[in-house]
Amino acid sequence: MHIRSCPRRPRKPRRTRTGTALRVLSLPLAALLAVSACSAGGSTTTGGSAARAELAALPKATPSALAPYYGQRLSWRPCGTPGFQCATMRTPLDYAHPGAGDLRLAVSRKKATDPAKRLGSLLVNPGGPGGSAVGYLQSYAGVGYPAPVRARYDLVAVDPRGVARSEPVECLDGHRMDTYTQTDTTPDDRRETDGLVDAYRGFAEACGAHAARLLRHVSTVEAARDMDILRAVLGDRRLTYVGASYGTFLGATYAGLFPDRVGRLVLDGALDPSLSARELNLEQTAGFETAFRSFAKDCARRRDCPLGSKESGIGPRLKAFFGALDRRPLPTGDPDGRRLGEALATTGVIAAMYDESSWEQLRAALAAAIEDRDGAGLLALSDSYYQRDPDGRYTNLMSANAAVNCLDLPVAFATPEQVEQALPSFEKASPVFGEGLAWASLNCAYWPVKPTGRPHRITAKGAAPIVVVGTTRDPATPYRWAESLARQLSSARLLTYVGDGHTAYGRGSTCIDSTIDAYLLHGTPPSRGKRCS
């Protein structure tokens, strides 16, 4: 799956539509090569959510073996960022065998600005999987969330196990990552198919060599159990939480495991845990096509559109441009000698689909590439998506993303032959992106650890009201996923944003923001069927 939720720029005095995937574009698509399944369990067969098993709640009583974890005290210290504190929390590596060793997770908080009216802690997660929640808190949520929310809550984040500051999964160094991200994901013959398979195998083997023990214990269920330890350690009776993109699956999983401990949960840009990996990938492919059509419609109206003035021709022109790059990559001026081939260009275009505020940048980048044969602009978009800095260093986003996805879901495709059989359905879902996204769904086939999750419904019976937010033209988490999750959760209220981009809260809609703020501050869920624009 190619999920990326969006760390955003801090709000200005008047809130404007900002942000995007962790540019941070704002967090994970994870990456065309690194992500195949988005979250919850999965199988290679199709089927409706009614046929899926239900996630069972854990016993209400805390097992005695976990008491030391629930009873620990955090030692808060100043972070490098003014106004924020940091601490390290212990959790068991293996919940089935708590004595087998600990993990140390990075936690950060910014205390409520009006402590006399403090409501408790508000945990935030920007998505991924693989996005740094601590980084999101310190760069955006802790300064960009509405002032009334920051006044009444301690804003808190924990990097999930295997992510960023929390014993990160590490696979390839920067040089090898550069090679990996340039791998051709639209193979034309057997030689190129073998090259793609070799890239997936090499990535998986490197992850297994560097983090064999940890790879078995980075599932979403385990991360959700870690959040319950944090809730207790913070002194909160119930969990209050805002999760975006993959963070919605993490939050919904928490609700399913601990329905009696659900406080005010906002799940923005929702995932559907009842779908298999293949279903998720195919539906997300259609989501990117929906977003691209919105871009094409807008581009055709503008004088600076480098793909022409006829909306119906923009997709075929872009596809032809990708094909030309496959044959002859463009120079970029990159000091490491990287050229813009089809794979990096496709990633750059997809990155801009996360937020319509990036469309202007995309038009300029495409114009430079098509008219001036300068690939620097698209390379910059791709680098922001992959979280590659100018010195050639990558965060562990792609490594953690694959580690979580490949553990949470049985593979979408086990062999290249299965991908080839599915290509017509993916290309029908998206004539522009379908082929590449189908082949990207093969990466978990070579993972060194067997998956532990499967598709399932989450009902969280007995939970307090949960707000599920969906955007009608969301590229990464299609709107129908929000509709499905809202139907599954017994206490859900669906809040709809009619618009473009990935996720809705804090992106400029006064209707969305005021509705979510009222819920967080007063516990008032949106009216049934509420829609905003």
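Between which elements is the loop in which Glu167 is found? In this predicted model, the loop that holds Glu167 runs between β6 (153-158) and α4.

## Backbone features in two loops

Glu167, in the loop between β6 and α4, has a phi near 45 degrees, which is a positive value in a residue other than glycine.

The other feature concerns Pro129, which lies in the loop between β5 and α2 (133-144). The peptide bond that leads from Gly128 to Pro129 is cis, and its omega is near -5 degrees.

## Helix α4 against helix α5

Two packed helices are described by the angle between their axes and the distance between the axes. For helix α4 (residues 174-181) and helix α5 (residues 190-215), the angle is about 150 degrees and the axes are 10 Å apart. Because angles over 145 degrees count as roughly antiparallel, α4 is roughly antiparallel to α5, and α4 passes α5 in a left-handed crossing.

On the α4 side, the contact is made by Arg176, Met177 and Tyr180, while α5 contributes Ala199, Tyr200, Gly202, Phe203 and Ala206. Sorted by class, the contact of α4 with α5 comprises 6 nonpolar, 1 polar and 1 charged residues.

## Helix α6 against helix α7

The axes of α6 (220-233) and helix α7 (residues 246-257) come within 9 Å and cross at roughly 70 degrees. The two helices α6 and α7 are therefore roughly perpendicular to each other, and their crossing is right-handed.

In this contact, Thr220, Val221, Ala223, Ala224, Arg225, Met227, Asp228 and Arg231 of α6 meet Tyr246, Phe249, Leu250, Thr253, Tyr254 and Leu257 of α7. The residues of the contact of α6 with α7 divide by class into 9 nonpolar, 2 polar and 3 charged.

## Helix α8 against helix α14

Helix α8 (residues 277-300) packs with helix α14 (residues 416-429) at an angle of about 35 degrees, and the axes of the pair are 9 Å apart. The crossing of α8 and α14 is right-handed.

From α8, the residues Arg278, Asn281, Leu282, Thr285, Ala286 and Glu289 make the contact, together with Gln418, Ser425, Phe426 and Ala429 from α14. The contact of α8 with α14 has 4 nonpolar, 4 polar and 2 charged residues.

## The two largest cavities

Rolling a probe the size of a water molecule over the atoms shows where empty space is left. The largest cavity holds about 80 Å³ of space, and its lining consists of Leu105, Leu123, Val124, Asn125, Val158, Asp159, Pro160, Arg161, Ala223, Asp226, Met227 and Leu250. Two or more residues of this lining come from each of β5 (120-125) and α6 (220-233). By class, the lining of the largest cavity divides into 8 nonpolar, 1 polar and 3 charged residues.

The second largest cavity has a volume of about 70 Å³, and it is lined by Ser121, Leu122, Leu123, Val156, Met227, Leu230, Arg231, Leu234, Asp236, Arg238, Leu239 and Thr240. The elements β5, α6 and β7 (239-244) each give two or more residues to this lining, which has 7 nonpolar, 2 polar and 3 charged residues.

Note on methods. Residues numbered from 1 in each chain as written. Predicted model: local features only at pLDDT ≥ 70, side-chain atom pairs only at ≥ 80, totals over all residues. Heavy atoms only, no water. Axes fitted to C-alpha atoms, helices over the stretch in contact; angles between N-to-C directions. Helix = DSSP H or I, 4+ residues; strand = E, 2+ residues; numbered from the N terminus. Parallel < 35°, antiparallel > 145°, perpendicular 65-115°, else oblique. Left-handed = near helix turned anticlockwise from the far one by under 90°. Contact = heavy atoms within 4.5 Å. Nonpolar A, V, L, I, M, F, W, Y, C, P; charged D, E, K, R; others polar. 1 Å grid on protein atoms, 1.4 Å probe; cavity = no way out; pocket = protein on both sides within 12 Å on 5 of 7 lines; lining within 4 Å. Points joined across faces, edges and corners; volume = space filled by probe spheres on them.
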